[in-house]
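Dear colleague,

Please find below the structure that I am handing over to you. My notes on what was found in it follow directly after.

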Amino acid sequence: MLRLLECALALDKHRNFARAAEHIGVSQPTLTRCIQELERRLGAKLFDRGRTGADPTSFGTIVLNSARRVEIDITELKREIALLKGLSIGELTIGVGPFVAQTWIGDAVGSLLAKHPMLRLRLLDMDWSSFCSALHERKIDLAVGDAQETSSDPDIVAEPLPNRPACFFCRSGHPLTKLKKPTIHDIGEYPLATGKLPSRANEHLAEGRLMGQPVEGGKYFEPQIQCPNLDAVIRIVSASNAVSIAIEPKLKPWVAAGQVAIVPFHAPWFKTNYAIMHLRERTLAPAAVAFCAEAHEAERRYNEPSGPPDKKHGRGRS
């Protein structure tokens, strides 16, 4: 029966017998016989066949909805079985926010694989605003990035990462580098180039004339120049009067090369809000538990290369 439902789902996806058969690796006559057998067992016509393809009937729609739930249950069953097999053959899919993807996440994955080389891992570049839906739909096991979108969802656990100071940066020789204590209004006289920002940015960045604006009723802040790729943004900033946002460790090579400069602006609200997120009721696989440990260590090493902050002076080298 499961095979018959799989055939029905494939046909619904492709709406064409030949393409559906190719997708699941059977011949077209075999797929046709499977659909006919499913219809016989259920006593209803599930698809209307026409020159334009195959479309589900009202009965077919009901069956397909149930088949999708069965498919999710089987996936979860396989996953639970894999949990018992430990880290030797584990699988893990991680949704990663754009800034994290371009900083320390590779270090965490590399350390994990060095210890458990048989793991199968998938990293998906994702906008932080899609974390909730991706977790609920079981598209990812973990999400790593800004926790704004998941903070109000009781079904998602957010394991916080340290809040790191953020900074504005601009090209070397930019007018902002001539100011000893630039304000947010001073910075806002230049276009902001970065990815879409969480709603908490609205309170501060919307004051800037050229920074951008709140969108979707204040749900997000859309910068004047929207680009989630930080390496591309650095190139944009180094060749124009645009400014952007990052954490200092990411900028070290470009600062050392004289391409960009840190804007001397500091504010208690100007910091990261990253976390490792997962569904509350979904048991974490051994691979996920191991990754979380490596992620915390990789994040610390990236942001505190000289060790934890000096307790005597309240700060460490960055």
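**Findings in the predicted model**

Phe47 counts as buried, at 1% relative accessibility; buried here means under 20% relative accessible area, exposed over 50%, and partly exposed in between, with a 1.4 Å probe and protein chains only. The model is a predicted one, in which local features need pLDDT of at least 70 and side-chain atom pairs count only at pLDDT 80 or more, while totals for chains, interfaces and linings use all residues. Residues are numbered from 1 along each chain as its sequence is written, and side-chain values use heavy atoms, with hydrogens and water left out.

Phe47 belongs to strand S1 (residues 47-50). Helices (H or I, at least four residues) and strands (E, at least two) are DSSP runs, numbered from the N terminus.

**Helices H2 and H3**

Helix H2 (residues 17-24) packs against helix H3 (residues 28-42) at an angle of about 100°, and their axes are 8 Å apart. Axes are lines fitted to C-alpha atoms, for helices over the stretch in contact, and angles run from 0 to 180 degrees between N-to-C directions. H2 is therefore roughly perpendicular to H3; angles of 65 to 115 degrees count as such, those under 35 as roughly parallel, those over 145 as roughly antiparallel and the rest as oblique. On the H2 side, Phe17, Ala18, Ala20, Ala21 and Ile24 meet Gln28, Leu31, Thr32 and Ile35 of H3.

Five strands form an open sheet with mixed pairing, in the order S4-S3-S5-S15-S6; two strands pair if DSSP finds at least two bridges between them. The edges are taken by S4 and strand S6 (156-160), each of which has a single partner strand, so one side of each is left without a neighbour in the sheet. From one strand to the next, the twist averages 25°. S3 and strand S5 (residues 142-146) run parallel and are joined by three bridges. Gly95 stands opposite Ala143 in S5. H12 lies across S3, S5, S6 and strand S15 (274-279), and runs at about 45° to S3.

Which residues of helix H6 (residues 105-115) are buried? They are Ile105, Ala108, Val109, Ser111 and Leu112. Seen down the axis of H6, these buried residues fall within an arc of 160°, so they line one face of the helix; the arc is that of the directions from the helix axis to the C-beta atoms. Their cover includes strand S3 (91-96), helix H5 (98-101), strand S4 (120-125) and helix H12 (286-303).

A second open sheet is antiparallel and consists of three strands in the order S13-S7-S14. Strand S13 (244-246) and strand S14 (260-262) stand at its edges with a single partner strand each, so one side of each is left without a neighbour in the sheet. Here the twist averages 40° from one strand to the next. Strand S7 (residues 167-171) is joined to S13 by three bridges, and the two run antiparallel. Ser244 in S13 is the bridge partner of Phe169.

Helix H10 (residues 230-238) lies across S7, S13 and S14, at about 50° to S7. Helix H11 (residues 248-256) also packs on the sheet, where it touches S7, S13 and S14; its direction makes about 135° with that of S14. Pro249, Lys250 and Leu251 are the buried residues of H11, and what covers them includes S7, H10, S13, S14 and H12. After H11 comes Gly258, with a positive phi near 80°.

**Cysteines and a buried histidine**

How many disulfides does a search of the whole structure find? It finds zero, a disulfide being a pair of cysteine sulfur atoms within 2.5 Å. For Cys7, the nearest cysteine sulfur is that of Cys34, 3.8 Å away. For Cys170, the nearest is that of Cys167, 10 Å away. Cys7 counts as buried at 1% relative accessibility, and Cys170 is buried with a relative accessible area of 0%.

His204 lies in helix H9 (residues 202-205). His204 is buried, with a relative accessible area of 16%. Not counting residues up to four places away in sequence, His204 touches Ile184 and Trp269.

With kind regards

Definitions and conventions: Contact = heavy atoms within 4.5 Å.
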